[in-house]
Amino acid sequence: MTSKHAGRRTARFRALRAEFRDKCKANNVPCWLCGKPIDYTLAYQHPECFNLDHAIPLSQRPELADDYNNFRPAHRVCNERRGTNEPHIDLGVPSEAW
């Protein structure tokens, strides 16, 4: 039996996550789920801190655990709310009533 977090415990994954976080921080990349800014200075326990999300959930494709192209920046709370569901991408307010 393997842990659901097995792919995220490797040294390779931790290094890739740190590199990804640093690039996101340098470019002020917002949460891909809600579109709001991420405060990259917040500690891990904070609900709005940076959290690495996998676009294709690891429950569906565990071999993508350390695939950099599957990484997305998210708030911890947004990532937890999404879980293994499809992301709800907010398209905003329509420009006019249809």
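Reader: What makes the contact between Glu-63 and Arg-61 a salt bridge?

Author: In this predicted model, the closest N and O atoms of Glu-63 and Arg-61 are 2.4 Å apart. A salt bridge requires a side-chain nitrogen of Lys or Arg within 4 Å of a carboxyl oxygen of Asp or Glu. The pair of Glu-63 and Arg-61 therefore counts as a salt bridge. Side chains of opposite charge can pair when their charged atoms come close.

Reader: Why is Glu-63 called partly exposed?

Author: The relative accessibility of Glu-63 is 49%. Partly exposed covers the range between the buried limit of 20% and the exposed limit of 50%, so Glu-63 counts as partly exposed.

Reader: How many salt bridges does a search of the whole structure find?

Author: The search finds five. One of them joins Asp-53 and Arg-82, with the closest N and O atoms 2.9 Å apart. This pair links distant parts of the chain, 29 residues apart: Asp-53 lies in strand β1 (residues 50-54) and Arg-82 in helix α2 (residues 76-82).

Reader: Are Asp-53 and Arg-82 buried or exposed?

Author: Asp-53 is buried, and Arg-82 is buried as well.

Reader: Why are Arg-76 and Glu-80 separated by about one helical turn?

Author: Arg-76 and Glu-80 are four residues apart in helix α2, which means that about one helical turn separates them. Their side chains meet in a salt bridge, at 3.0 Å from N to O.

Reader: Why is Arg-76 called buried?

Author: Arg-76 has a relative accessible area of 18%. Buried means under 20%, so Arg-76 is buried.

Reader: What makes Arg-9 exposed?

Author: The relative accessibility of Arg-9 is 55%. Exposed means over 50%, and Arg-9 therefore counts as exposed. Arg-9 is placed in the segment before α1 (11-26). Between Arg-9 and Ala-65 there are 56 residues of separation in sequence and 9.8 Å in space, C-alpha to C-alpha.

Reader: How many disulfides does a search of the whole structure find?

Author: The search finds zero disulfides. A disulfide is a covalent bond between the sulfur atoms of two cysteines. To be counted, a pair of cysteine sulfur atoms must lie within 2.5 Å.

Reader: Why are Cys-24 and Cys-49 called buried?

Author: Cys-24 has a relative accessible area of 5%, and Cys-49 has one of 1%. Buried means under 20%, so Cys-24 is buried, and Cys-49 is buried too.

Notes:
Residues numbered from 1 in each chain as written. Predicted model: local features only at pLDDT ≥ 70, side-chain atom pairs only at ≥ 80, totals over all residues. Heavy atoms only, no water. Helix = DSSP H or I, 4+ residues; strand = E, 2+ residues; numbered from the N terminus. Buried < 20%, exposed > 50% of the residue type's maximum accessible area, 1.4 Å probe, protein only.
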